[in-house]
Amino acid sequence: MPDKVLVYSRFPKSLMQRIGERFELWDAGGKPPDQVFATDELADIRAMITAGSTPLGGEMMDRMPKLGVIVCYGTGYDGVDLKAAASRGIAVGHSPGANASSVADIALTLMLAAVRRLVVADGYVRSGDWAASKPSPMMRPQQGMRGRKVGIYGMGAIGRKIADRAAAFETEVGYFSRSRHDVPYPYFPSLEELADWCSVLLIAVRAGPETNHAVNADILKRLGADGYVINIARGSVIDEAALVAALKDGTIAGAGLDVYAREPNPPGELTALPNVVLTPHIGGHTLESHHAMQDCVIANLAAYFEGKPLAYRVG
C-alpha cells in the first residue's frame, strides 16, 4: 500500500501526477488540512509536500503528531519554520538547483526587456503609434548591455548561471554574497559597494530575515538614474514601497520583477508604471524544471519512508 503524503500547498494537479504514481497523496488544496481532513486522518500523516514560500509554522506541524518530513517543491524553503521543525524532529527537504537554469533564463529575459524597454516597444507597435510616426519619450535611444556593469546579489546555483549568461552580453559582472565563491567574477564585500559599482542589480539571494528589505531606498539610490533592478528571488528582498518611489521619481531607470511581496497581488502603483516589466513568478515554470523538482521530491520522500537520510536535505 502506498505511503500517505499530505499536499499542503495548492498545486496544479498536473504537477503532482508523477508523485501520485508513487505515493498516496492527500491533497488539502491549499486549505488548512484540518478543514479538509478529520483529526484522526491527520494523525497518521508522516510526510508533507509544500511550496517553500507557503507559511508553515509549529502550530500546523503539531496537528500532525507523526509528521517526520516536510518536502518543499522547489529550491526555496523560507515559509517553513525550520527551528520549529528541528525541535520536533522533523526533517526538511527541498530541490536545490533543480530549476536554476530556467530561473536564470527569466532573469536575463527580464533584464533585457527592462533595459531595452521591450514591453513599451511592443505597445508602441500594437497601438499604431509607430506607423503614425508619433513621438514617444520612452522610445528614445537608451544605453544597451555592452559595457554595462552587472551586479549579482547571491552566488548560489542560480546566481552562477545568471552571471555566466550576463557575461555573454559583453558586460562586466561582479557579485556580493555571504561568502566568496570560486567564480571568475570580482567579489564585493557589501551590497552597498556592489550597488555603487553596477548599473544592473540582479537579485538571486535566498529569502530570510537577514535579507528582508535588503534592497532598500539607499541601495536603489546607489544604482543611479541609469540603474535597473531585477528580482527573481523573493519579493521580501526588496522594499516594494521604496521601489515604487524610485521608479516614479527617476531614482532608477527601471525594473524587472518575477516575484512580489504579496503574491499574486502586486500593488497597483507598481503595475501602472511603464518602466517596469512584470511576470507572474514563472522563473522555474518550465517542463524540464518541474520534472527535475519532482525527481527531488520523489527522492526525498522515498528516502524518508525507507528510513534513509534525505537525498536533498535543507542545511
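A nonpolar core is a set of buried Ala, Val, Leu, Ile, Met, Phe, Trp, Tyr and Cys residues joined through side-chain atoms within 4.5 Å. I kept this definition at hand while reading the structure, which is a predicted model.

**Entry 1: the cores**

I looked up the largest nonpolar core and found that it has 64 residues. Those with the most contacts inside it are Tyr-153, Ile-162, Leu-201, Val-215, Val-229 and Leu-243.

I took Val-229 as an example of a residue in the largest core. Leaving aside residues up to four places away in sequence, I listed its contacts as Leu-201, Ile-203, Val-215, Leu-220, Leu-223, Ile-238, Leu-243, Ile-252, Gly-254, Ala-255 and Gly-256.

**Entry 2: helix α6**

I checked the length of α6. With 1.5 Å a residue, its 16 residues should span 22 Å, and the end C-alpha atoms are 22 Å apart, which agrees. Is the helix mostly covered or mostly open? I found it mostly covered, since twelve of the 16 residues are buried. The buried residues include Ala-100, Val-103, Ile-106, Leu-110 and Met-111. Ser-102 is also on the list of buried residues in α6. Just after the helix, I noted that Arg-117 takes a positive phi of about 50°.

**Entry 3: the sheet**

I traced an open sheet of five strands, in the order β2-β1-β3-β4-β5, with parallel pairing. Which strands stand at the edges? They are β2 (24–27) and β5 (91–93); each has a single partner strand, so one side of each is left without a neighbour in the sheet. Neighbouring strands are turned by 25° against each other on average, direction ignored.

I looked at one pairing in detail. Strand β1, residues 4–7, is joined to β2 by four bridges, and the two run parallel. Lys-4 has Glu-24 of β2 as its bridge partner.

Two helices were then examined against the sheet. Helix α1, residues 13–20, packs on the sheet and touches β1, β2 and β3 (47–50). The direction of α1 makes about 150° with that of β2. Helix α13, residues 287–305, lies across β1, β3, β4 (69–72) and β5, and runs at about 170° to β4.

**Entry 4: aromatic pairs**

I recorded eight aromatic pairs in the structure. One of them joins Phe-23 and Phe-305; this pair is tilted, at 5.9 Å centre to centre with 35° between the planes. What does the pair tie together? Phe-23 lies in the loop between α1 and β2, and Phe-305 lies in helix α13, so the pair ties together parts that are 282 residues apart in sequence. I checked the exposure of both rings. Phe-23 is buried, with a relative accessible area of 4%. Phe-305 has 18% relative accessibility and counts as buried, because the cut-off for buried is under 20%.

A further pair, Tyr-175 with Tyr-187, is edge-to-face, at 5.3 Å centre to centre with 65° between the planes. Tyr-175 belongs to strand β7, residues 172–176, while Tyr-187 is in the loop between β7 and α9 (191–197), twelve residues away. I found Tyr-175 buried, at a relative accessible area of 1%, and Tyr-187 also counts as buried, at 19%. Ring pairs link Tyr-153, Tyr-175, Phe-176 and Tyr-187 into a cluster. Tyr-153 is also among the residues with the most contacts inside the largest core.

**Entry 5: backbone exceptions**

I looked for exceptions to a general rule: most residues other than glycine have a negative phi, and most peptide bonds are trans.

The peptide bond from Glu-263 to Pro-264 is cis, with omega near 5°.

I also noted Glu-170, which is not glycine and has a positive phi near 60°. Glu-170 lies in the loop between α8 (157–167) and β7, and is exposed, with a relative accessible area of 53%. His-281 likewise has a positive phi, of about 50°, although it is not a glycine. His-281 is in the loop between β11 (276–278) and α13.

Technical notes:
Residues are numbered from 1 along each chain as its sequence is written. This is a predicted model: local features need pLDDT of at least 70, side-chain atom pairs count only at pLDDT 80 or more; totals for chains, interfaces and linings use all residues. Side-chain values use heavy atoms; hydrogens and water are left out. Buried means under 20% relative accessible area, exposed over 50%, partly exposed in between (1.4 Å probe, protein chains only). Contact means heavy atoms within 4.5 Å. The expected span of a helix is 1.5 Å times one less than its number of residues. Two strands pair if DSSP finds at least two bridges between them. Axes are lines fitted to C-alpha atoms, for helices over the stretch in contact, and angles run from 0 to 180 degrees between N-to-C directions. Rings of Phe, Tyr and Trp (its six-membered ring) pair if their centres lie within 6.5 Å; planes under 30 degrees apart count as stacked, over 60 as edge-to-face and the rest as tilted.
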